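User: Hey, I'm new to this one. Can you walk me through how the chains go together?
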There are 4 protein chains.
Amino acid sequence: MNELQPVTDAGEWLVKAAEQHAIDFAVTADEHDRDGSFPVQNVTAMHHSGLLGAAVPPELGGMGVDSVHDLAVAISRLARGDATSALVATMHVAQTIQAARQWRHAVRTGDEETAAGLAGFLTPFASGEVLVAAAVTENGTYFLNPLTEATPTVDGYELTGHKSFVTSSPVAQLFVVTCRVPGDPPVFGGCLVARDTPGVTVHDNWDSLGMRATGSNDVSFDHCPLPAEVVATYGPWGQWTTPLLLEFVGALHVLLGAFLGIAEAAREHIVNTVAVRRKAPSGTLLADRPAVQQLIAEIEIALTAARATLGRTARTIDDYFASHTPEQDSDAELHELLKEHQCTNLVVKRAAMSIVDLAMTASGGGGYLASNPLSRLYRDVRAGPFMQPYSPIEAWEYIARVTLERDPHIDV
Amino acid sequence: MNELQPVTDAGEWLVKAAEQHAIDFAVTADEHDRDGSFPVQNVTAMHHSGLLGAAVPPELGGMGVDSVHDLAVAISRLARGDATSALVATMHVAQTIQAARQWRHAVRTGDEETAAGLAGFLTPFASGEVLVAAAVTENGTYFLNPLTEATPTVDGYELTGHKSFVTSSPVAQLFVVTCRVPGDPPVFGGCLVARDTPGVTVHDNWDSLGMRATGSNDVSFDHCPLPAEVVATYGPWGQWTTPLLLEFVGALHVLLGAFLGIAEAAREHIVNTVAVRRKAPSGTLLADRPAVQQLIAEIEIALTAARATLGRTARTIDDYFASHTPEQDSDAELHELLKEHQCTNLVVKRAAMSIVDLAMTASGGGGYLASNPLSRLYRDVRAGPFMQPYSPIEAWEYIARVTLERDPHIDV
Amino acid sequence: MNELQPVTDAGEWLVKAAEQHAIDFAVTADEHDRDGSFPVQNVTAMHHSGLLGAAVPPELGGMGVDSVHDLAVAISRLARGDATSALVATMHVAQTIQAARQWRHAVRTGDEETAAGLAGFLTPFASGEVLVAAAVTENGTYFLNPLTEATPTVDGYELTGHKSFVTSSPVAQLFVVTCRVPGDPPVFGGCLVARDTPGVTVHDNWDSLGMRATGSNDVSFDHCPLPAEVVATYGPWGQWTTPLLLEFVGALHVLLGAFLGIAEAAREHIVNTVAVRRKAPSGTLLADRPAVQQLIAEIEIALTAARATLGRTARTIDDYFASHTPEQDSDAELHELLKEHQCTNLVVKRAAMSIVDLAMTASGGGGYLASNPLSRLYRDVRAGPFMQPYSPIEAWEYIARVTLERDPHIDV
Amino acid sequence: MNELQPVTDAGEWLVKAAEQHAIDFAVTADEHDRDGSFPVQNVTAMHHSGLLGAAVPPELGGMGVDSVHDLAVAISRLARGDATSALVATMHVAQTIQAARQWRHAVRTGDEETAAGLAGFLTPFASGEVLVAAAVTENGTYFLNPLTEATPTVDGYELTGHKSFVTSSPVAQLFVVTCRVPGDPPVFGGCLVARDTPGVTVHDNWDSLGMRATGSNDVSFDHCPLPAEVVATYGPWGQWTTPLLLEFVGALHVLLGAFLGIAEAAREHIVNTVAVRRKAPSGTLLADRPAVQQLIAEIEIALTAARATLGRTARTIDDYFASHTPEQDSDAELHELLKEHQCTNLVVKRAAMSIVDLAMTASGGGGYLASNPLSRLYRDVRAGPFMQPYSPIEAWEYIARVTLERDPHIDV
């Protein structure tokens, strides 16, 4: 089983930690799924192991994994045991990848002020003080066009709006919130909002087909007062800009690991099942029946493609970061990278859905029972296509625009 | 919307009744799904309307629908509102199709004794006295090779064994149980077992991905005493025989209606959704976005194939029954019919799964919420491939054997 | 083998004629394919048998087949032997379906003048005097927007333009040419142009992947003088109008038969091949190898869907014509019909391509040799998606627009 | 366009040479395809450039490319211009990969005799003296079970049998022929047969759907006298053995490059086409039409998977060879590698066929003309699934057996 392997030393440590967590978290995954209860104890464990500080530099208390490839591999290992925790960890870790890169650059170039600011941002991610949740999605609009608004006030800003699919919301101490800052033209903003800010309401309405333990509730913000320094702006509202491209390229690829891990878990389960089950009256092992072999082979084929594609694109992303300082960042190159991620995203998620489905078929009915892990994996894996920024139906246009050298902006 | 239409007058009546039930049953479908509670009130309603006696001759209190096509269409209408009730009704009605055909033949040929016996069997199905459940599936063996055993005794038989996936088991008064009758060679048998027979245990263990309200529990039989007259034999154990072919061809095709109905419900839901939803900032109707149109078109394409194929094969089955008396039944022709059903089965179920999946994608995340009907339909439709007699992986061999004029028996 | 059967007496006669032609034409099909030579002798034979006058009323010398279903079935039979002749026949016969319907209506309602005009049009199609070719496609524009222009003159019109894919052009005596008639707004026109009209040039440039014997050359028209009576107008240029909808619904569905026939020929070939071939060292019949059985089964599944869908939509079209006089024609209903045809078109052509491909795989390399019929079928079947009016990529939009009750016009 | 890049210096040189050849060979590719004529001049050019000696050690006159990855990348570049030459080059180069590895090992370990023997074998491959063809396939048997027989004689052997699909046969000076050496049990053998050996007949019967210029004729051997030293034996006839596994793992993966290159050529062609074509009346660029964008996106998605999967498995193979001396070769590990190759094989070839097909659809009919490169690519790419050792229908069983830790031998 030629699974993906970390390519850095720090990554190796991280993957081992993730594998251990996976074993532990697998025990309660079904129960949390059934109840829709958030696995608080897993967050605690991932704080203790240091996994949540994976991408934070060691000087700031983290593990110092600077490879998107290795982060994605670690998330895939975690997801084999519990996809919920893989999502929770991704949402937290992903916030630190770019900041860590910029901190390293600031230190390298002797820009102490920037370094200090970034250190202040990064340290709590590794210390276990906070778990962060991303409040990005809004119903009925596009992620580049948030309608949640940060209005300037004398003291800073006031934030008002309503977000959905906020994974980790039951316990997150901090929300990263995308917003619109009024102006002419309006500006795309990102805020760091503490949970106890007046006006923050975490709803208790997450009830879904799968990924049921992620606590991906709605969160609303009602005239929340924010100090100026927690609101960053990233260029014109509704447009891709360099910082957004950077954040998405890294974060999204790490997230993809979760779906690879789900597929690997389904594969493992069904291979073990058919290897021991026999069917009367002939007593032939399922593993020796041609039709079962065909299903197993198609699982292996899909998995081979998913792993290779995730791995190669991750290394391409790593290569980009290794060869570009922040000053050298290029939107054109980042769109090429994001396009390649989007292609990979569809390869991996389609493969993952197909693998779980093939395993379900090979289970001969057993997988349809709630007590069988396949029935949870089947529901969890279907979350894939809904992840930001591009749904399958938007991705086609984006991929084609970049390929055909048209303006990558999609007019929604 | 070129939906399938009944081809007989009795069928027209039946389809209208099913459509009315669908409207009523839709109201509580989500609640029963969530609880896994059996919709007892729907059974009562279907007794009252006469739907459960659909295939019973009018002279015996039924509706007299003798067209498999029209039964399947009615089941598809029912499934639009509630797939559970569609399954429950199919399992009951399917038991009466062949018996009604034989009763009609006995009456036509003046064979009063046979007619009287069949009348005794059929009348309770239409009167509302009983709901029947089929106890056919066993873990780890093949439907032609049941391990549940009916051992001859001085008074009749003693039945011992364990069945799974017994839809309607929470309230069924009667179980149709397939079994093995010892002998040299052993014989394939079918028993009618009353719920209150000593030794019958209906377990409360149905907990599944979808079709959660069907009460498809395990049922075990522990030395249940049976009078001789409730045990029928159908030829050698492990072999297709004429009566089994007849039962399956009719019953399975009616069942297919349930999956067409699920697909039609998903299609209806998503067409209505995209027709009214707009997305900021452009405010374009989802219906006018090319990628949504692509998904809708693929739904229509799949539905066109599913309806046509179900309809044509159903009429081929009807034509067979119209042109053959029971004496003229031919295993070779019945295998051709069953093969055509198996092909149709895969066309319809694959189309149905694809349609629900496309609708889910077009829902843009909304369909992933438990409150959205698509999330139930997505789970329900996945039951399709597990239905008897052939799973997709067994069907290939069967279809090829009949096509290539090899012995249709599959050596499991 | 549950092949489609004609539903009218005239259709039954026609299908038998087509079957006999198929046997004869199969002999030379490979040779014409290789040379790219047009099978003139097949046209003569189809004139003699009366097949080319299939849809012309008996009173006017034809066979009087008024069922689109039966015409499509006959074309499918023809295509089993020779897809080229199936295309040639379709292009000719399709021109007469609506005219025959209008003639029947005119006769019924006592409109003698109209009847006489239509009789003049129809009679030569059945008498063997002419073979007609459709000159519809133009490079770089859309079939509703022909750029070929018919400019009014004192005596009638002058036609100038360039058409491609004109099947039968090597021998056709008459071309049906779509055009633009200038005006404000311009009008969509259709001309009947005799081959010997000054300015007509039939190029000799048809050289293609498949359908190589169809002589689908370019035809150019250079200031061809036309009498006024051979130019008909059909409403605004660039728009669907009732007469265009009528022509397309009938003609296109008949054409679909050709692709079903190709698929049936591939299926027949491979079933016969695997039934007799053995492979050393075990000597097992290919028919008994599980992987071959899987391929054969998928062929049967795809064929079951293709036949049923073609057949059902054809009968829906027949039902429309049976229940509507020309005065009752409704664009809304015709768009519903055309949408259903478009869905069917994709079901049948995808199935046909898939069937030939599966047969190719099952051939184990044999099908890749030029001498094997599969290698011609593989090239011929790929023509399907390019047929008018909608390519697969335009069809999605059209199907969705009709489904979602948007204006069916596509803005190209 | 994130194409695969060589990972060694020698590979970089090779890939540049291949790119130059591709430009040159593209000019005559269509002509050779049409005539079915073998591109002799391309062989000469590839001898001159040194490409045919790519894998031969520099000490023996070759380029010294020891990376299967880089060989495959070079073959893919070549195939962009001319798939025929890519196949011809592969068949030659592939014979030298293992011999070069063993020569390096012999030199390293001071085994001068072995080194000298291998040097004698390898030198002519790089010197331009010979072009080698592989005569492996036989009709009606399996590649591990050749029926061509090498019977021992006093002087050596006599070879008799008939081979098919012998690429390069029109000019090859040397044939590598698999055979059966009688005995108890019989043994699998490989012979090097000079073209001018008495009894060798190269037939002139290659006439195929695609790959028409490869000269893949039948070659028959009629009591050909062979000296003992040109016949090697590899263990029991009908069984996988270490040397066969080694040869196949390397050779087959290089061959896969040809299909990637075909796909890349189709992609390049269609991207360039839609980027400049407009369609009346709107004049919209095809590149801006949503349905075209969908096709282009799916091409990019498939290509992303094909490249990554080919690349990753190639590096896994390279890693194996880098970490194992010939003494350390392990059948179990080699079966794992071959299984991973088989999975990759299906990923790449399916993707390649899909890419060419999508490009064909996006061409809107243009691709169906013989003058359009897509029509050749469409025929060439279909050769993929027929390549040895496993057809798609055999590969399922092999992949599953290795995955499920069953005996990898397939009982044909």
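User: What should I know about the model itself?
Analyst: It's a predicted model, where local features need pLDDT of at least 70 and side-chain atom pairs count only at pLDDT 80 or more, while totals for chains, interfaces and linings use all residues. Residues are numbered from 1 along each chain as its sequence is written, chains are lettered from A and ligands numbered from 1 in the order in which they are written, and side-chain values use heavy atoms, leaving out hydrogens and water.

User: OK, switching to chains D and A. How many residues of chain D are in contact with chain A?
Analyst: 41 residues of chain D are in contact (heavy atoms within 4.5 Å) with 41 residues of chain A. Ile301(D), Arg312(D) and Leu404(D) supply 18% of the area that chain D buries there, more than any other three residues. Buried area is the accessible area (1.4 Å probe) lost on putting two parts together, summed over both.

User: How many salt bridges cross between chain D and chain A?
Analyst: Six, counting a side-chain nitrogen of Lys or Arg within 4 Å of a carboxyl oxygen of Asp or Glu. Asp288(D) and Arg406(A) form a salt bridge, at 2.6 Å from N to O.
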